[in-house]
Amino acid sequence: AEHIIARHAGLDEASRALTTLLREWTAAEYRSLTHGALLTALVAIVVVTLLLGVLHYRVLGPLRSTIGAFQRVADGDFQHRQPVYGTAEIRDLTSSFNRLSTRLDLLYRLIDRLQGGNDLDEVIGFLNDEFRELLGFDWIGVVLIDETRSTARVETSRFNGGPQGPLRALYRFEGTLLEAALANETPLRISDMEQTAHEHPRYEFLRYLTSIGLRDAVFLPLTARTETPIPAVVVFATRAPGRYDAAHMRFLGNIAHLIAHSFGRTARLAEQARLAAVGSFASGIAHELRTPLTTVSMALDYVARQPLGEKVAKRSTLGLQEADRMCRLLDEMLLYAKPLKLSLAPLEVVSALRGHIGGYTTDRATPPLLLDAELGSAWILADADRMRQIFENLTTNAHDAAPAGTEIRWRVGAAHGCVYISVRNAGEPIPEALLARLTQPFFSTKPNGTGLGLAIVSRLVEQQAATLEILSGAPTGTEVRLTFPQLADSPAVQAV
């Protein structure tokens, strides 16, 4: 007690100092807690703000922008593309949207191009330019089937992104994959083309595709059941094996009917349908007129042989000549209108032309027929009877146009895998404006011409996978040139 009493002042001072220190420490802790809470709240606000900003920028903003893009496409703006940003899911959604809008835009432009009635070359060029990256093909072409469904030919094609040039070879159709694709009316994929072509010798078109390095193909049929007036197949082929997967097949399957319906409105197919209708009508009329016209010709011939006055004899002879001309016109109309059944076989052109020139007869002694052959033999795949008809018509036309004292020259040559057959006369040049119309039915520059001779020749040439070209100018005259794919120089070559 004495000690406490003696030390009371010091203890009291120490107690006050401890109390002061405790009060200061408590105040400092309070201030620290307050500042910490404020800082935590501030950090939380900043973090939440940043999270909201990120959420808006990475999710809500892109999502609202993509929704707006969908609305623009729904309103018809198929060319709109949405910038790809945001989260992985949003980027995937935007990328899918851009693929969708790209394909919709391609389909819209394809429909517009097809509905516009453009030429097949233009349509295939558009598909090549716009769909090549999407479908990954190296070769695209249209294969047309003939009227008798016995042969097929490549009407137009693109290879490695550019025009392939003339490709008019004929291929078998019966019993091939082309026939199977048209029969099933669905896209047909040939994943192992090389093996398939090796196992099936009749698949000549498939062998051609493999010969230029292609390994995977899809046949897209355009059938006559739709608005396509003649059967055809659009072929997509690529060098990469296994290139076409289920997604490609689904896409092609979805657009197959669209292309099939729209292809019928292209200019060339529409023209073929029109000519087919006109030919059917003309064929019926010609059949109806042949019998009475033959009777009239026989009656006029009988009258012409009777002892009549000069005027009557002259008029009966004129009538008989006109009746004969009408008979020839009807025969040519029937030949032009009826479906052609070709019997294709290897034909040696040089010897065939020599035989034609040696046996050709005409009322005119001049001009003479000459043959210039640049090679000993030239083999093509053709119908021998149809070729004789072509030679006959072209020679007669050249005789009619050649002036006295000139000559008619046939020429045979070969280059770049083709055989060139031409006939030239030294007559008056044909105006350039008329050259394109010479092969049109019922157009003729001769006063007594029927206008079907060159039209028939053009049709026969086209059906044999060849091309016809007419050149005319001074001082060389007029030349008709035929171009056929060349076969190997062997009579054992078969029609393949």
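**Notes on the predicted model**

1. Arg239 is partly exposed, with a relative accessible area of 36%, where partly exposed is the range between buried (under 20% relative accessible area) and exposed (over 50%), as found with a 1.4 Å probe on protein chains only. This is a predicted model, in which local features need pLDDT of at least 70 and side-chain atom pairs count only at pLDDT 80 or more, while totals for chains, interfaces and linings use all residues. Residues are numbered from 1 along each chain as its sequence is written, and side-chain values use heavy atoms, with hydrogens and water left out.

2. The side chain of Arg239 meets that of Asp138 in a salt bridge, with 3.7 Å from N to O; the term stands for a side-chain nitrogen of Lys or Arg within 4 Å of a carboxyl oxygen of Asp or Glu. The two partners lie 101 residues apart and link distant parts of the chain, since Arg239 sits in the loop between strand 7 (232-238) and helix 8 (246-263), whereas Asp138 sits in the loop between helix 4 and strand 1 (139-145). Helices (H or I, at least four residues) and strands (E, at least two) are DSSP runs, numbered from the N terminus.

3. Helix 4 (residues 120-135) deserves a careful look, because its 16 residues would reach 22 Å in a straight helix at 1.5 Å a residue, yet its end C-alpha atoms are only 19 Å apart; the expected span is 1.5 Å times one less than the number of residues. Where is the kink in helix 4 centred? The kink, of about 40 degrees, is centred on Asp129, the bend at a residue being the angle between axes fitted to the seven residues ending there and the seven starting there. Buried residues of helix 4 include Leu120, Val123, Ile124, Phe126 and Phe131. Gly136, which follows helix 4, has a positive phi near 65 degrees.

4. Five strands form an open sheet with mixed pairing, in the order 9-11-12-14-13. Strand 9 (369-373) and strand 13 (467-473) stand at the edges with a single partner strand each, so one side of each has no neighbour in the sheet. From one strand to the next, the twist averages 15 degrees; axes are lines fitted to C-alpha atoms, for helices over the stretch in contact, and angles run from 0 to 180 degrees between N-to-C directions. As background, strands of a sheet pair through backbone hydrogen bonds, either parallel or antiparallel.

5. Within this sheet, strand 12 (residues 418-425) and strand 14 (residues 477-485) pair in the antiparallel sense over eight bridges, where pairing requires that DSSP finds at least two bridges between two strands. Arg424 stands opposite Glu479 in strand 14. Helix 11 (residues 349-359) lies across strand 9, strand 11 (408-415) and strand 12, and runs at about 170 degrees to strand 9; contact here means heavy atoms within 4.5 Å.

6. Relative accessibility is 31% for Arg409, 21% for Asp372 and 34% for Glu407.

7. Helix 14 (residues 453-463) is largely enclosed by the rest of the structure, because nine of its 11 residues are buried. Among them are Gly453, Leu454, Ile456, Arg459 and Gln463. Just after helix 14, Ala465 takes a positive phi of about 60 degrees.

8. Asn160 has a positive phi of about 55 degrees and is found in the loop between strand 2 (151-159) and strand 3 (162-163). His416 likewise has a positive phi of about 55 degrees, and its place is in the loop between strand 11 and strand 12. Asn160 counts as partly exposed at 40% relative accessibility, whereas His416 is exposed, with a relative accessible area of 79%.
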